[in-house]
Amino acid sequence: MFKKPQLFILLIVATCSNYLVQAQQMVTIPIETAKNSLVLQTDKDNRLGIVHFGKKLIKTADNAIIAQEFRYNDSNAGIYNSPYTPSGTWSLVEPAIQITHADGNNSLELKYVSHQTVKIDDNVTQTNILLKDPAYPVEVTLCYKVYAKENVIEQWSLIKHQEKKNILMQKYASANMYFSADNYVLHHYHGGWGEEMKPEETLLTAGIKTLDSKLGTRANLFQPPTFMLSFDRQATEDEGKVMLGTLAWSGNFKIDFEMDSYHNLRVLAGINPHASEYSLAPNQEFKTPSFISTFSENGKGEASRNMHNWARKYRILDGEGSRLTLLNNWEATYFDFDEQKLTGLFKDGKKLGVDLFLLDDGWFANKYPRNGDVAGLGDWQENRKKLPNGIGYLMKEATKAGIKFGIWVEPEMVNPKSELYEQHKDWVIREPERPEHYFRNQLPLDLSNPEVQDFVFGVLDNLFTKNPDLAFIKWDCNAVTYNAHSMYLLKQGLPQTHLYVEYVKGLYKVLERIRAKFPKVPMMLCSGGGGRVDYEALKYFTEFWLSDNTDPLERVFIQWENSYFYPAIAHCNHITDWSKVGLKYRTDVAMMGKMGYDIVVSQLTEKELKFSQKALENYKRINPVIWKGDLYRLQNPWDKPFASLVFSNENQDHAVMFNYLTTNRFDTGYNPTPIKLKGLSPNKKYSVKEINLFPGTTSSLKSDLVYSGDYLMNIGINPELSGRRSSVILELNEVK
């Protein structure tokens with residue numbers, strides 16, 4: 001990766017135990033996965049620098065390693081490549097940390113003190129590197145947790161001091177990385193409600209490119225904290241050097257990409273310092289969120305599979321388990337329902353063949369009944385008019401119908417038109433002397449307040465305690481934060497600039513309590529779509545709602561981009577009536593994840609019901625491959641008017657190929673060339689069968705097709721997409 005004339009190769013004589021460089025007394029610290037390495041090294045002034053990132057370095061016969069050292073032809077040699085750049089001393093670039101000491105001084109220096117590496121298990125190690133300021137009692141520990149087989153590195157920082165009074169942290173990043181390459185191409189995202197994960201490609205040039213959010217609660221609404229960074233040239237699916245990065249934080253974030261005067265790139269990621277200066281007490285430790293990354297020299301596909309394998313095993317709740325199919329009542333009833341309507345839908349769900357019925361918004365509040373989105377949030381008692389016999393009755397009726405029962409909540413929010421708002425205005429995030437601004441007619445509750453945390457936990461605890469067979473929770477979050485002000489922080493004498501940080505910490509405290517008491521209940525993370533998803537929240541949730549836009553023509557693209565960062569087992573994909581395309585296309589697109597229904601079953605034709613029942617049977621057979629298999633993207637829908645991808649299991653004896661036409665311009669005649677598959681064994685033979693055929697139709701492909709894996713991966717197969725065959729699913733099984 002490193003080709004700059006300013007660089008030269010230095011052989012570092014190092015031992016495994018302490019990595020001391022005998023000639024110059026430098027310390028070298030390799031952070032190594034199975035294929036990659038991040039190498040840090042001290043300089044003559046005992047400052048730590050990043051000297052290599054990329055492919056794993058070769059070791060010599062005496063177990064020394066080859067590292068690379070940065071040299072510059074000026075008096076500021078080596079200052080740019082710091083793994084945690086301080087502010088106010090020697091730095092000329094964007095800092096990772098900026099503080100004001102108790103005496104008002106705003107300078108900081110960080111020098112290497114020690115490091116240790118602990119082996120957690122056969123696959124996971126953690127290296128902690130202690131840095132200290134030689135003039136002030138301030139220390140930063142850089143933490144690198146390595147998942148070797150998955151080639152993933154999780155990093156964060158711990159900040160602590162022993163000054164006599166509080167220090168003020170103006171900036172406190174999680175990661176400060178440094179790269180050298182000919183060019184840097186950033187693949188990042190923007191969007192809004194119903195338009196999530198719209199990609200952009202940016203060739204980085206001199207200056208700083210920033211991705212950030214200042215929305216508070218629903219932080220991902222306009223921009224997610226995820227990106228792909230290609231080195232030298234734009235990486236493709238199977239070629240090129242690329243890093244996938246994401247910040248595990250459910251609040252405001254900031255990611256800076258700064259190209260320095262030597263054409264090297266610095267990447268800083270962490271909590272957004274906007275309105276978030278943090279006063280840190282002596283001996284109090286501040287832990288930054290995790291920045292999670294993976295690197296591949298073989299393109300985006302391998303990098304995303306690294307992330308998927310890591311996420312399923314180590315981060316997503318029950319990531320290697322199973323998921324429930326469900327029928328949601330939202331599009332069937334919206335807010336207009338009663339017990340009779342709902343119990344009828346239970347029978348529809350059973351007839352359809354799903355596992356679970358999900359009762360959505362509108363089931364609660366009495367003084368200000370939840371008959372629309374203008375009232376009731378915060379008053380979590382069953383609405384007596386709609387549900388005179390309560391949730392318990394509905395659960396019994398669902399059980400009689402042979403189906404499980406789940407429920408929607410939005411416990412962090414309050415409508416001004418609610419009893420909770422009337423009784424506890426001090427629990428609401430609002431400026432008391434300014435007009436209130438509403439997002440979806442609501443305001444966030446102040447989760448920095450322990451009483452509010454107890455209340456929010458109590459919403460879930462009461463539901464589970466009264467209804468122990470409750471099988472599913474959909475947790476929504478539909479508002480951003482306006483007028484960020486906390487009465488609790490004011491009364492505690494704490495700065496208002498703590499609110500954005502303490503809100504998220506409060507949320508995690510609530511979720512930890514819920515999972516401690518109810519560890520197994522599946523929960524969907526929803527925020528008007530994917531407005532909050534990240535890998536810290538997914539510690540507590542089994543899945544997330546990608547978008548309220550369920551038009552499958554749009555969903556192909558939304559699901560495609562999300563698939564780089566999150567595995568299919570976490571994708572909630574529902575079949576709805578929000579589209580003019582046929583039921584088969586809608587169903588096929590939803591199968592690329594955790595499938596659910598949001599339709600009026602009673603309005604299905606006989607053929608549509610029969611198709612849906614058979615599709616669910618097919619789905620239950622193939623979902624282990626989709627949820628736990630390796631994903632290979634075959635044709636990008638942004639490049640051509642169709643999408644194609646395949647999931648293949650670990651043994652490469654079962655695979656499922658999805659193909660979609662993504663335009664309505666072709667009525668009958670569109671016929672792409674054969675598509676080459678990936679993820680198969682070249683020496684195995686595979687039967688190829690089209691599934692999810694609509695009743696009364698037949699496949700244009702022969703039913704007894706058998707090909708070698710070598711043929712399928714080098715010649716390919718034509719799914720014969722057309723206006724009349726706009727969606728084709730092929731199932732492949734090894735023939736022995």
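Q: Which residue is the bridge partner of Ser-687 in strand 36?
A: Val-706 is the bridge partner of Ser-687. Bear in mind that this is a predicted model.

Q: How many bridges join strand 35 to strand 36, and in what sense do they run, parallel or antiparallel?
A: Strand 35, residues 685–691, is joined to strand 36 by 4 bridges, and the two run antiparallel.

Q: And what sheet do they belong to, in what strand order?
A: An open sheet of 6 strands, ordered 32-33-34-37-35-36, with antiparallel pairing. Strand 32 (630–635) and strand 36 (705–708) are its edge strands, each pairing on one side only.

Q: What about the angle between neighbouring strands there?
A: On average, neighbouring strands of this sheet are turned by 25° against each other, with direction ignored.

Q: Now helices. At what angle do helix 6 and helix 8 cross?
A: At roughly 25°, and the axes of helix 6 (residues 450–466) and helix 8 (residues 499–517) come within 9 Å. Angles under 35 degrees count as roughly parallel, so helix 6 is roughly parallel to helix 8.

Q: Left-handed or right-handed crossing for helix 6 and helix 8?
A: The crossing of helix 6 and helix 8 is right-handed.

Q: Which residues make that contact?
A: From helix 6, Gln-453, Asp-454, Val-456, Phe-457, Leu-460, Asp-461 and Thr-465. From helix 8, Gly-506, Lys-509, Val-510, Arg-513, Ile-514 and Lys-517. By class, the contact of helix 6 with helix 8 has 5 nonpolar, 3 polar and 5 charged residues.

Q: Next pair, helix 10 and helix 11. How far apart are their axes?
A: The axes are 11 Å apart, and helix 10 (residues 583–590) packs against helix 11 (residues 606–628) at an angle of about 15°. Helix 10 and helix 11 are therefore roughly parallel to each other. The crossing of helix 10 and helix 11 is right-handed.

Q: Which residues meet in that one?
A: Leu-583, Lys-584 and Thr-587 of helix 10 meet Glu-608, Phe-611, Ser-612 and Ala-615 of helix 11. The class count for helix 10 with helix 11 is 3 nonpolar, 2 polar and 2 charged residues.

Q: Last topic, confidence. What is the mean pLDDT of the protein?
A: The mean pLDDT is 93, and 93% of the residues reach 70 or more.

Q: Where is the pLDDT below 50?
A: One stretch is residues 1–24, where the pLDDT is below 50, with 69 contacts in the model beyond near neighbours in sequence. Another is residues 67–77, again with pLDDT below 50, and that stretch has 39 contacts beyond near neighbours in sequence.

How values were computed:
Residues numbered from 1 in each chain as written. Predicted model: local features only at pLDDT ≥ 70, side-chain atom pairs only at ≥ 80, totals over all residues. Heavy atoms only, no water. Axes fitted to C-alpha atoms, helices over the stretch in contact; angles between N-to-C directions. Parallel < 35°, antiparallel > 145°, perpendicular 65-115°, else oblique. Left-handed = near helix turned anticlockwise from the far one by under 90°. Contact = heavy atoms within 4.5 Å. Nonpolar A, V, L, I, M, F, W, Y, C, P; charged D, E, K, R; others polar. pLDDT = per-residue confidence, 0-100. Pairing = 2+ DSSP bridges.
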